[in-house]
Amino acid sequence: MEVMENDIAIKVTDLEKVYKLYDKPSDRLKEALHIGRGKHHTEHRALKGVNMTIRQGECVGIIGTNGSGKSTILKIITGVLSPTAGEVEVNGRISALLELGAGFNMEYNGIENIYLNGTMIGFSKKEIDQKLDEILAFADIGDYVYQPAKTYSSGMFVRLAFAVAINIDPEILIVDEALSVGDVFFQAKCYHKFEEFKEMGKTIVFVSHDLSSISKYCDRVVLLNQGVKLGEGAPKQMIDTYKQVLVGQYTPPESEGERLLDDEQLRAMAAKGVDGSKLDGRQQDGTAENPDLLEYGSKKAQITEYYITDEKGTRTATILKGGTFSIHMRVEMMERIAAPIFAFTIKNVRGTEITGTNTMFEKAFLDSVEAGDTKEITFTQEMNLQGGDYLLSLGVTGYEEDDFTVYHRLYDVLSVTVISDKDTVGFYDMNSTVTVK
(Lines give C-alpha, C1' and ligand atoms only; values in the text may rest on other atoms or scores of the structure.)
Protein backbone atom coordinates (compact mmCIF):
# COMPACT_ATOMS: atom_id res chain seq x y z
CA MET A 1 0.00 0.00 0.00
CA GLU A 2 1.40 3.42 -0.98
CA VAL A 3 2.29 5.99 1.64
CA MET A 4 -0.26 8.81 1.53
CA GLU A 5 0.68 12.41 0.85
CA ASN A 6 0.88 14.45 4.03
CA ASP A 7 -2.17 16.61 3.26
CA ILE A 8 -4.49 13.79 2.16
CA ALA A 9 -7.02 12.57 4.71
CA ILE A 10 -8.87 9.94 2.60
CA LYS A 11 -7.93 8.36 -0.72
CA VAL A 12 -10.30 6.01 -2.54
CA THR A 13 -8.90 4.14 -5.55
CA ASP A 14 -10.92 2.07 -8.07
CA LEU A 15 -13.47 1.16 -5.41
CA GLU A 16 -15.92 -1.64 -6.23
CA LYS A 17 -18.68 -3.12 -4.08
CA VAL A 18 -20.79 -6.05 -5.25
CA TYR A 19 -23.70 -7.40 -3.21
CA LYS A 20 -25.07 -10.91 -3.72
CA LEU A 21 -28.86 -10.89 -3.85
CA TYR A 22 -30.82 -14.08 -3.14
CA ASP A 23 -34.48 -14.68 -3.94
CA LYS A 24 -34.96 -16.75 -0.79
CA PRO A 25 -32.86 -17.82 2.23
CA SER A 26 -32.58 -21.40 0.99
CA ASP A 27 -30.68 -20.19 -2.09
CA ARG A 28 -28.00 -18.73 0.16
CA LEU A 29 -27.71 -22.07 1.98
CA LYS A 30 -27.53 -24.04 -1.29
CA GLU A 31 -24.73 -21.87 -2.56
CA ALA A 32 -22.81 -22.10 0.70
CA LEU A 33 -23.07 -25.92 0.61
CA HIS A 34 -22.36 -26.08 -3.16
CA ILE A 35 -25.69 -27.81 -3.79
CA GLY A 36 -26.71 -27.81 -7.44
CA ARG A 37 -24.99 -26.23 -10.38
CA GLY A 38 -24.50 -22.59 -11.16
CA LYS A 39 -25.13 -19.50 -9.09
CA HIS A 40 -28.11 -19.08 -6.82
CA HIS A 41 -27.77 -15.31 -6.64
CA THR A 42 -27.78 -12.19 -8.77
CA GLU A 43 -25.17 -9.48 -8.36
CA HIS A 44 -25.77 -5.82 -7.62
CA ARG A 45 -22.82 -3.49 -8.19
CA ALA A 46 -23.28 -0.73 -5.62
CA LEU A 47 -19.98 0.98 -6.50
CA LYS A 48 -18.25 0.85 -9.88
CA GLY A 49 -14.62 1.95 -9.95
CA VAL A 50 -15.00 5.07 -7.82
CA ASN A 51 -11.96 7.30 -7.25
CA MET A 52 -11.94 10.13 -4.72
CA THR A 53 -9.33 12.13 -2.82
CA ILE A 54 -10.22 14.23 0.23
CA ARG A 55 -7.59 16.56 1.64
CA GLN A 56 -7.16 17.45 5.28
CA GLY A 57 -9.35 20.34 6.38
CA GLU A 58 -11.86 19.95 3.55
CA CYS A 59 -15.60 19.66 4.02
CA VAL A 60 -16.69 17.39 1.18
CA GLY A 61 -20.31 16.58 0.39
CA ILE A 62 -21.50 13.44 -1.39
CA ILE A 63 -24.85 13.69 -3.17
CA GLY A 64 -26.90 11.42 -5.41
CA THR A 65 -30.24 9.70 -5.73
CA ASN A 66 -31.28 6.83 -3.47
CA GLY A 67 -29.26 3.75 -4.38
CA SER A 68 -26.38 5.75 -5.82
CA GLY A 69 -23.83 4.28 -3.39
CA LYS A 70 -23.41 7.21 -0.98
CA SER A 71 -23.89 5.25 2.25
CA THR A 72 -21.95 2.27 0.90
CA ILE A 73 -18.83 4.33 0.25
CA LEU A 74 -19.00 5.86 3.73
CA LYS A 75 -19.33 2.42 5.34
CA ILE A 76 -16.27 1.21 3.42
CA ILE A 77 -14.26 4.27 4.43
CA THR A 78 -15.14 3.70 8.10
CA GLY A 79 -14.45 -0.04 7.93
CA VAL A 80 -18.05 -1.15 8.49
CA LEU A 81 -18.02 -2.86 5.06
CA SER A 82 -15.20 -4.44 3.07
CA PRO A 83 -14.77 -3.51 -0.59
CA THR A 84 -15.05 -6.12 -3.32
CA ALA A 85 -12.11 -4.47 -5.10
CA GLY A 86 -10.05 -1.31 -4.86
CA GLU A 87 -8.34 0.42 -1.98
CA VAL A 88 -9.23 2.94 0.73
CA GLU A 89 -6.51 4.75 2.65
CA VAL A 90 -7.29 6.89 5.69
CA ASN A 91 -4.88 9.26 7.43
CA GLY A 92 -6.40 10.28 10.76
CA ARG A 93 -8.75 9.14 13.50
CA ILE A 94 -12.31 8.81 12.20
CA SER A 95 -15.53 9.43 14.06
CA ALA A 96 -18.63 8.44 12.11
CA LEU A 97 -22.33 9.00 12.46
CA LEU A 98 -23.88 6.53 10.05
CA GLU A 99 -27.11 4.62 10.53
CA LEU A 100 -29.27 5.70 13.45
CA GLY A 101 -28.20 3.89 16.61
CA ALA A 102 -25.31 2.06 14.94
CA GLY A 103 -22.84 1.03 17.64
CA PHE A 104 -25.41 1.32 20.42
CA ASN A 105 -26.23 -1.53 22.77
CA MET A 106 -29.97 -1.31 23.30
CA GLU A 107 -29.70 -2.70 26.84
CA TYR A 108 -27.06 -0.17 27.94
CA ASN A 109 -28.03 3.26 29.20
CA GLY A 110 -26.77 6.48 27.61
CA ILE A 111 -23.66 6.81 29.80
CA GLU A 112 -22.63 3.23 29.11
CA ASN A 113 -23.14 3.73 25.38
CA ILE A 114 -20.97 6.86 25.44
CA TYR A 115 -18.09 4.79 26.83
CA LEU A 116 -18.85 1.93 24.42
CA ASN A 117 -18.81 4.22 21.37
CA GLY A 118 -15.75 6.13 22.55
CA THR A 119 -13.83 2.91 23.12
CA MET A 120 -14.79 1.60 19.66
CA ILE A 121 -13.38 4.77 18.09
CA GLY A 122 -10.12 4.29 20.00
CA PHE A 123 -10.30 6.52 23.07
CA SER A 124 -9.26 5.49 26.54
CA LYS A 125 -11.59 5.65 29.56
CA LYS A 126 -9.59 8.60 30.88
CA GLU A 127 -10.04 10.53 27.63
CA ILE A 128 -13.78 9.85 27.62
CA ASP A 129 -14.00 10.90 31.29
CA GLN A 130 -12.55 14.27 30.32
CA LYS A 131 -15.12 14.72 27.51
CA LEU A 132 -18.18 13.34 29.33
CA ASP A 133 -19.60 16.66 30.54
CA GLU A 134 -19.29 18.20 27.05
CA ILE A 135 -21.01 15.19 25.48
CA LEU A 136 -23.91 15.28 27.96
CA ALA A 137 -24.36 19.02 27.54
CA PHE A 138 -24.39 18.75 23.75
CA ALA A 139 -26.83 15.81 23.68
CA ASP A 140 -29.13 17.51 26.21
CA ILE A 141 -31.45 14.51 26.70
CA GLY A 142 -31.81 14.98 30.46
CA ASP A 143 -32.34 12.00 32.74
CA TYR A 144 -32.88 9.71 29.74
CA VAL A 145 -29.11 9.34 29.70
CA TYR A 146 -29.57 6.95 32.66
CA GLN A 147 -32.25 4.89 30.87
CA PRO A 148 -31.69 1.94 28.47
CA ALA A 149 -31.19 2.97 24.85
CA LYS A 150 -34.17 0.80 23.82
CA THR A 151 -36.44 3.42 25.45
CA TYR A 152 -35.04 6.29 23.31
CA SER A 153 -36.88 8.08 20.55
CA SER A 154 -35.15 8.50 17.17
CA GLY A 155 -34.36 12.10 18.13
CA MET A 156 -32.64 11.02 21.35
CA PHE A 157 -30.61 8.46 19.44
CA VAL A 158 -29.22 10.99 17.02
CA ARG A 159 -28.57 13.62 19.69
CA LEU A 160 -26.50 11.23 21.79
CA ALA A 161 -24.74 9.60 18.84
CA PHE A 162 -23.80 12.95 17.32
CA ALA A 163 -22.70 14.33 20.69
CA VAL A 164 -20.28 11.42 21.05
CA ALA A 165 -19.08 11.59 17.44
CA ILE A 166 -18.36 15.30 17.42
CA ASN A 167 -17.11 15.95 20.96
CA ILE A 168 -14.37 13.34 21.30
CA ASP A 169 -12.07 15.33 19.04
CA PRO A 170 -11.78 13.21 15.87
CA GLU A 171 -9.52 14.24 13.00
CA ILE A 172 -12.08 13.12 10.41
CA LEU A 173 -15.85 13.37 10.92
CA ILE A 174 -18.19 11.39 8.69
CA VAL A 175 -21.93 12.08 8.78
CA ASP A 176 -24.59 10.23 6.79
CA GLU A 177 -27.95 12.01 6.66
CA ALA A 178 -28.46 11.62 10.42
CA LEU A 179 -29.04 15.30 11.15
CA SER A 180 -32.43 15.25 9.42
CA VAL A 181 -33.80 13.42 12.48
CA GLY A 182 -33.06 16.12 15.07
CA ASP A 183 -35.20 19.21 15.65
CA VAL A 184 -34.28 22.58 14.16
CA PHE A 185 -32.46 23.76 17.30
CA PHE A 186 -30.32 20.63 17.42
CA GLN A 187 -29.55 20.90 13.70
CA ALA A 188 -28.42 24.50 14.21
CA LYS A 189 -26.15 23.37 17.05
CA CYS A 190 -24.64 20.64 14.84
CA TYR A 191 -23.97 22.98 11.93
CA HIS A 192 -22.35 25.47 14.29
CA LYS A 193 -20.06 22.63 15.36
CA PHE A 194 -19.31 22.01 11.68
CA GLU A 195 -18.11 25.60 11.40
CA GLU A 196 -15.88 25.13 14.44
CA PHE A 197 -14.46 21.95 12.93
CA LYS A 198 -13.68 23.70 9.67
CA GLU A 199 -11.92 26.54 11.50
CA MET A 200 -9.84 23.95 13.40
CA GLY A 201 -8.74 22.39 10.10
CA LYS A 202 -10.54 19.08 10.61
CA THR A 203 -11.92 17.00 7.74
CA ILE A 204 -15.66 16.49 7.25
CA VAL A 205 -17.36 14.10 4.82
CA PHE A 206 -21.05 14.82 4.65
CA VAL A 207 -23.86 12.91 2.89
CA SER A 208 -27.21 14.66 2.73
CA HIS A 209 -30.27 15.27 0.57
CA ASP A 210 -30.42 18.78 2.02
CA LEU A 211 -28.86 20.65 -0.89
CA SER A 212 -28.90 23.99 0.94
CA SER A 213 -26.67 22.55 3.67
CA ILE A 214 -24.43 20.92 1.07
CA SER A 215 -24.08 24.27 -0.70
CA LYS A 216 -23.46 26.24 2.49
CA TYR A 217 -20.97 24.02 4.30
CA CYS A 218 -19.09 22.03 1.66
CA ASP A 219 -15.93 23.16 -0.11
CA ARG A 220 -16.36 20.48 -2.76
CA VAL A 221 -19.07 18.01 -3.79
CA VAL A 222 -18.89 14.51 -5.29
CA LEU A 223 -21.90 13.38 -7.35
CA LEU A 224 -22.69 9.65 -7.49
CA ASN A 225 -25.35 7.94 -9.57
CA GLN A 226 -26.02 4.18 -9.62
CA GLY A 227 -22.57 3.49 -8.21
CA VAL A 228 -20.70 5.68 -10.71
CA LYS A 229 -19.00 8.99 -9.93
CA LEU A 230 -20.49 11.45 -12.41
CA GLY A 231 -18.23 14.28 -11.34
CA GLU A 232 -16.85 16.44 -8.57
CA GLY A 233 -16.41 20.16 -8.22
CA ALA A 234 -17.85 23.31 -6.71
CA PRO A 235 -21.14 22.79 -4.82
CA LYS A 236 -23.19 24.92 -7.21
CA GLN A 237 -21.83 23.07 -10.22
CA MET A 238 -22.58 19.59 -8.85
CA ILE A 239 -25.99 20.51 -7.43
CA ASP A 240 -27.10 21.82 -10.83
CA THR A 241 -25.90 18.60 -12.47
CA TYR A 242 -27.68 16.54 -9.79
CA LYS A 243 -30.95 18.32 -10.64
CA GLN A 244 -30.48 17.20 -14.25
CA VAL A 245 -30.07 13.61 -13.03
CA LEU A 246 -33.26 13.85 -10.96
CA VAL A 247 -35.37 14.69 -14.01
CA GLY A 248 -33.57 12.30 -16.38
CA GLN A 249 -31.95 15.10 -18.40
CA TYR A 250 -28.28 14.48 -17.59
CA THR A 251 -25.92 14.28 -20.57
CA PRO A 252 -22.28 13.29 -19.84
CA PRO A 253 -19.70 15.89 -20.95
CA GLU A 254 -17.90 15.16 -24.20
CA SER A 255 -14.51 15.42 -22.53
CA GLU A 256 -13.20 14.72 -19.03
CA GLY A 257 -11.99 18.28 -18.71
CA GLU A 258 -15.32 19.87 -19.59
CA ARG A 259 -16.63 21.74 -16.53
CA LEU A 260 -19.18 24.36 -15.61
CA LEU A 261 -18.09 27.68 -14.15
CA ASP A 262 -16.74 27.45 -10.63
CA ASP A 263 -17.68 29.88 -7.84
CA GLU A 264 -14.72 32.23 -8.42
CA GLN A 265 -15.48 32.56 -12.13
CA LEU A 266 -19.15 33.21 -11.40
CA ARG A 267 -18.27 36.00 -8.97
CA ALA A 268 -15.98 37.57 -11.55
CA MET A 269 -18.68 37.29 -14.21
CA ALA A 270 -21.30 38.86 -11.95
CA ALA A 271 -18.97 41.72 -11.00
CA LYS A 272 -17.72 42.57 -14.48
CA GLY A 273 -20.70 41.70 -16.67
CA VAL A 274 -20.64 39.96 -20.03
CA ASP A 275 -21.55 41.39 -23.41
CA GLY A 276 -24.70 39.44 -24.16
CA SER A 277 -24.87 40.73 -27.74
CA LYS A 278 -22.11 38.28 -28.70
CA LEU A 279 -23.96 35.25 -27.39
CA ASP A 280 -26.19 33.15 -29.65
CA GLY A 281 -27.51 36.30 -31.32
CA ARG A 282 -29.32 37.39 -28.15
CA GLN A 283 -29.16 41.10 -27.30
CA GLN A 284 -29.41 41.57 -23.54
CA ASP A 285 -28.90 45.32 -23.14
CA GLY A 286 -27.46 46.23 -19.78
CA THR A 287 -27.47 42.67 -18.44
CA ALA A 288 -24.70 40.21 -17.63
CA GLU A 289 -25.34 36.88 -19.34
CA ASN A 290 -23.51 33.66 -18.52
CA PRO A 291 -21.54 32.49 -21.59
CA ASP A 292 -21.41 28.93 -20.25
CA LEU A 293 -24.94 28.56 -18.95
CA LEU A 294 -26.35 25.11 -18.29
CA GLU A 295 -29.51 24.34 -20.25
CA TYR A 296 -31.50 21.18 -20.79
CA GLY A 297 -35.00 19.84 -21.37
CA SER A 298 -37.16 18.11 -23.94
CA LYS A 299 -37.57 21.42 -25.84
CA LYS A 300 -41.31 20.94 -26.31
CA ALA A 301 -41.29 24.56 -25.15
CA GLN A 302 -38.30 26.89 -25.52
CA ILE A 303 -37.30 30.05 -23.69
CA THR A 304 -36.23 32.34 -26.52
CA GLU A 305 -35.77 35.65 -24.73
CA TYR A 306 -35.22 36.81 -21.16
CA TYR A 307 -34.23 40.03 -19.41
CA ILE A 308 -34.69 42.09 -16.24
CA THR A 309 -36.15 45.60 -15.98
CA ASP A 310 -36.14 48.10 -13.15
CA GLU A 311 -39.19 50.03 -11.97
CA LYS A 312 -38.77 52.48 -14.87
CA GLY A 313 -38.87 49.65 -17.41
CA THR A 314 -35.17 49.94 -18.27
CA ARG A 315 -33.33 46.70 -19.03
CA THR A 316 -30.65 46.25 -16.42
CA ALA A 317 -28.87 43.74 -14.19
CA THR A 318 -28.42 46.27 -11.36
CA ILE A 319 -31.35 46.69 -8.99
CA LEU A 320 -31.65 49.09 -6.07
CA LYS A 321 -32.62 47.39 -2.82
CA GLY A 322 -36.16 48.37 -1.88
CA GLY A 323 -37.14 49.04 -5.48
CA THR A 324 -39.48 47.14 -7.79
CA PHE A 325 -38.10 45.00 -10.61
CA SER A 326 -39.46 42.57 -13.19
CA ILE A 327 -38.18 39.33 -14.68
CA HIS A 328 -39.31 38.75 -18.27
CA MET A 329 -39.25 35.60 -20.37
CA ARG A 330 -40.64 34.78 -23.81
CA VAL A 331 -41.53 31.12 -24.43
CA GLU A 332 -42.37 29.48 -27.75
CA MET A 333 -44.40 26.26 -27.80
CA MET A 334 -43.14 23.53 -30.13
CA GLU A 335 -45.95 21.10 -29.20
CA ARG A 336 -49.24 21.13 -27.39
CA ILE A 337 -48.73 21.20 -23.59
CA ALA A 338 -51.60 20.63 -21.16
CA ALA A 339 -50.49 23.01 -18.41
CA PRO A 340 -47.00 24.54 -18.64
CA ILE A 341 -45.45 26.00 -15.50
CA PHE A 342 -43.20 29.05 -15.87
CA ALA A 343 -40.68 29.64 -13.10
CA PHE A 344 -37.69 31.61 -11.88
CA THR A 345 -35.19 31.02 -9.08
CA ILE A 346 -32.60 33.35 -7.56
CA LYS A 347 -29.48 31.79 -6.04
CA ASN A 348 -26.33 33.14 -4.44
CA VAL A 349 -22.95 32.47 -6.05
CA ARG A 350 -22.51 29.27 -3.98
CA GLY A 351 -25.70 27.86 -5.49
CA THR A 352 -28.05 28.17 -2.52
CA GLU A 353 -31.60 28.79 -3.71
CA ILE A 354 -32.76 31.90 -1.90
CA THR A 355 -36.11 32.65 -3.47
CA GLY A 356 -38.26 32.02 -6.50
CA THR A 357 -41.76 31.25 -7.61
CA ASN A 358 -43.76 29.92 -10.54
CA THR A 359 -47.09 30.41 -12.22
CA MET A 360 -48.57 27.36 -10.50
CA PHE A 361 -47.69 28.66 -7.01
CA GLU A 362 -49.08 32.07 -7.93
CA LYS A 363 -52.17 30.56 -9.64
CA ALA A 364 -51.41 32.94 -12.50
CA PHE A 365 -51.68 30.57 -15.47
CA LEU A 366 -53.20 27.09 -15.46
CA ASP A 367 -54.29 26.77 -19.12
CA SER A 368 -53.16 24.57 -21.98
CA VAL A 369 -51.14 25.87 -24.93
CA GLU A 370 -50.93 24.80 -28.57
CA ALA A 371 -47.95 24.27 -30.87
CA GLY A 372 -46.91 27.63 -32.31
CA ASP A 373 -48.20 29.68 -29.37
CA THR A 374 -45.90 32.26 -27.78
CA LYS A 375 -46.26 33.36 -24.17
CA GLU A 376 -44.64 36.37 -22.54
CA ILE A 377 -44.32 35.99 -18.78
CA THR A 378 -43.47 38.80 -16.37
CA PHE A 379 -42.76 38.36 -12.67
CA THR A 380 -42.84 41.70 -10.81
CA GLN A 381 -41.76 42.03 -7.16
CA GLU A 382 -39.88 44.16 -4.63
CA MET A 383 -36.13 43.67 -4.24
CA ASN A 384 -35.51 42.98 -0.56
CA LEU A 385 -32.34 40.90 -0.89
CA GLN A 386 -29.18 42.19 0.76
CA GLY A 387 -26.65 43.97 -1.41
CA GLY A 388 -24.46 41.64 -3.47
CA ASP A 389 -24.35 39.44 -6.56
CA TYR A 390 -26.95 36.77 -7.38
CA LEU A 391 -27.77 34.39 -10.22
CA LEU A 392 -31.09 34.01 -12.02
CA SER A 393 -32.39 30.69 -13.38
CA LEU A 394 -35.48 30.23 -15.56
CA GLY A 395 -37.60 27.23 -16.42
CA VAL A 396 -40.63 25.81 -18.18
CA THR A 397 -41.89 22.54 -16.71
CA GLY A 398 -45.12 20.61 -16.33
CA TYR A 399 -46.74 17.26 -15.63
CA GLU A 400 -47.42 14.57 -18.22
CA GLU A 401 -49.57 11.76 -16.81
CA ASP A 402 -48.44 12.69 -13.27
CA ASP A 403 -44.74 12.61 -14.28
CA PHE A 404 -42.82 15.84 -13.70
CA THR A 405 -41.27 16.95 -17.01
CA VAL A 406 -38.70 19.62 -17.82
CA TYR A 407 -39.35 21.29 -21.17
CA HIS A 408 -36.57 23.89 -20.94
CA ARG A 409 -34.36 25.05 -18.07
CA LEU A 410 -31.68 27.73 -18.11
CA TYR A 411 -29.50 27.66 -14.99
CA ASP A 412 -27.70 30.83 -13.87
CA VAL A 413 -28.55 32.53 -17.11
CA LEU A 414 -28.17 36.11 -15.85
CA SER A 415 -26.33 37.75 -12.99
CA VAL A 416 -28.14 40.29 -10.82
CA THR A 417 -26.36 42.90 -8.70
CA VAL A 418 -28.27 44.42 -5.79
CA ILE A 419 -27.12 47.89 -4.69
CA SER A 420 -27.82 48.67 -1.05
CA ASP A 421 -26.98 51.41 1.45
CA LYS A 422 -28.20 49.30 4.38
CA ASP A 423 -27.65 45.56 4.80
CA THR A 424 -29.08 43.58 7.68
CA VAL A 425 -28.44 39.98 8.79
CA GLY A 426 -29.03 37.05 6.42
CA PHE A 427 -30.36 37.02 2.86
CA TYR A 428 -33.40 39.25 3.31
CA ASP A 429 -34.21 42.60 4.83
CA MET A 430 -37.36 42.36 6.96
CA ASN A 431 -37.85 46.13 6.56
CA SER A 432 -38.32 46.54 10.29
CA THR A 433 -39.73 49.67 11.87
CA VAL A 434 -37.79 50.36 15.07
CA THR A 435 -39.07 52.33 18.03
CA VAL A 436 -36.93 53.16 21.05
CA LYS A 437 -38.56 54.90 24.03
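This is a predicted model: local features need pLDDT of at least 70, side-chain atom pairs count only at pLDDT 80 or more; totals for chains, interfaces and linings use all residues.
D176 belongs to strand β6, which covers residues 172–176. β6 is joined to β7, residues 203–207, by 5 bridges, and the two run parallel. β6 also pairs with β5, residues 94–97, through 4 bridges, again parallel. There, S95 stands opposite L173 of β6.

Is β6 buried or exposed? Buried means under 20% relative accessible area. By that cut-off, 5 of the 5 residues of β6 are buried, so the strand is largely enclosed by the rest of the structure. In a regular strand, side chains alternate between the two faces of the sheet. For β6, both faces are covered: one side has I172, I174 and D176, the other has L173 and V175, and all of these are buried.

Now a second sheet. It is open, has 3 strands in the order β12-β14-β17, and its pairing is antiparallel. β12 (301–310) and β17 (374–382) are at the edges with a single partner strand each, so one side of each has no neighbour in the sheet. On average, neighbouring strands here are turned by 15° against each other, direction ignored. Between β14, residues 324–333, and β17 there are 9 bridges. Within that pairing, M329 stands opposite I377 in β17.

Last, the whole chain. It contains 9 helices and 19 strands. Of its 437 residues, 47% count as buried. The accessible surface is about 22,100 Å², and 48% of that belongs to carbon and sulfur atoms. Among contacts with a separation of 6 or more, 71% are between residues 24 or more positions apart.

Notes. Residues are numbered from 1 along each chain as its sequence is written. Side-chain values use heavy atoms; hydrogens and water are left out. Buried means under 20% relative accessible area, exposed over 50%, partly exposed in between (1.4 Å probe, protein chains only). Contact means heavy atoms within 4.5 Å. Accessible areas come from the Shrake-Rupley method with a 1.4 Å probe; for residues, only the protein chains shown count as cover. Two strands pair if DSSP finds at least two bridges between them. Axes are lines fitted to C-alpha atoms, for helices over the stretch in contact, and angles run from 0 to 180 degrees between N-to-C directions.
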